[in-house]
Amino acid sequence: MSLKLVHSGKVRELYDAGDDRLLMVASDRISAFDVVLAEPIPDKGRVLTAMTVYFLEALADLAPSHLVTADPAGLPADAAALGGDGGMDALAGRALLVRRAEMLPIECIVRGYLAGSGWKEYTASRTLHGTSLPAGLRQADRLPEPVFTPSTKATEGHDLNISFDEAADLVGKETAEKARDLCVEAYRRGAAQAERHGIIVADTKFELGFIDGELALCDEVLTPDSSRFWPADEWQPGTNPPSFDKQPVRDWLEGTGWDKRPPPPALPADVVRATSERYTTAYERVSGRSLSDWYGAAS
Ligand code: PZK
């Protein structure tokens, strides 16, 4: 029996593992400028998975989570087929067995810095998520306080920002308040941890769901794919800081003159290698753990 695919994202998949469990599989695929590239980035899926587990453990006193296990020995035997010719070894470290949750129909975004759509809104109206901010802030400036800026999950294209009251209309006031407080505190703690090790988490997206009546952290948590990670030593307000993880790919693609329509040009091996190293460095710096101690390491 093979596991049934229930969701397919650009770079990851979700399978039904039976018994109200799901298997989240992070691939080594990478996207840039909204296009998935053909070349896998070695260890990227393991890094995202290891980082999620690291933060779910670090935040366990704050909120329950959907995590059951990352140990390949604890995954359903049928999962081995997803590793192709490599079997379970090819899946090790990049698959998580999780509990099925009743997901909130909102994306719980927290912003600590002025970037992306937050910066765009500020330049247009000196507000963030409808709330006035001090004048004179620059792109990539740190915000006075982290701000909860929920959005709805658009099925096509990009997500739509919604007000706190609209979020409360969707999930109820009490749940919206709980989600906001939980996510802001999780961001504060995650960002403080990363910043001690030279990485700024400019903003991040959490996905919450109910498990056994309790609001739980689900999906990826504080990874470079769910967040904007910046190298602290290259952060300069007034500029758009480089992405800690994807910058080698973006820089190289920009240099080719590619028009950003598929298919993208093939990444050279040195760009692939440099990018893989950035992901590994991000994990090791933020967690203080070695990727060679995570499941699926070459032995
Ligand atoms: C769930 N996603 C996003 C993740 C994808 C898509 N514990 C859960 N219970 C129910 N649903 C989800 C989760 C989680 N996590 C997550 N969509 C639904 C997603 C991974 C791969 F393709």
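Which residues have the most contacts inside the largest nonpolar core? Some notes as I went through the model.

1. Ground rules. This is a predicted model, where local features need pLDDT of at least 70 and side-chain atom pairs count only at pLDDT 80 or more, while totals for chains, interfaces and linings use all residues. Residues are numbered from 1 along each chain as its sequence is written, and side-chain values use heavy atoms, with hydrogens and water left out.

2. The main core. F55, C108, F206, L208, L217 and V249 have the most contacts inside the largest nonpolar core, which has 67 residues. Helix α5 (residues 173-196) gives the most to this core, 9 residues. A core here is a set of buried Ala, Val, Leu, Ile, Met, Phe, Trp, Tyr and Cys residues joined through side-chain atoms within 4.5 Å. Buried means under 20% relative accessible area, exposed over 50%, and partly exposed in between (1.4 Å probe, protein chains only). Helices (H or I, at least four residues) and strands (E, at least two) are DSSP runs, numbered from the N terminus.

3. Not counting residues up to four places away in sequence, L208 touches M103, L104, C108, A179, L182, C183, L215, A216, L217 and C218; contact means heavy atoms within 4.5 Å.

4. T52. This residue is in helix α1 (residues 44-58), and it counts as buried because its relative accessibility is 1%. Its side chain reaches the backbone nitrogen of V221 at 3.2 Å. Leaving aside neighbours within four places in sequence, T52 is in contact with L96, D219, E220, V221 and T223.

5. Strand β7. Since 4 of the 5 residues of β7 (residues 95-99) are buried, the strand is largely enclosed by the rest of the structure. β7 pairs in the antiparallel sense with β3 (residues 21-26) over 5 bridges, and R99 is the bridge partner of R21. Pairing requires that DSSP finds at least two bridges between the strands.

6. The ligand. There are 16 residues around the ligand, the closest being G9, H66, R99, A101 and D219; near means a heavy atom within 4 Å. Ligand nitrogen atoms lie 3.1 Å from a polar side-chain atom of H66, 2.8 Å from a polar backbone atom of R99 and 3.0 Å from a backbone N or O atom of D219. β2 (12-18) gives the most to the shell, with 3 residues.

Note on methods
Polar contact = N/O pair within 3.5 Å; in protein donor to acceptor, adjacent residues only side chain to side chain.
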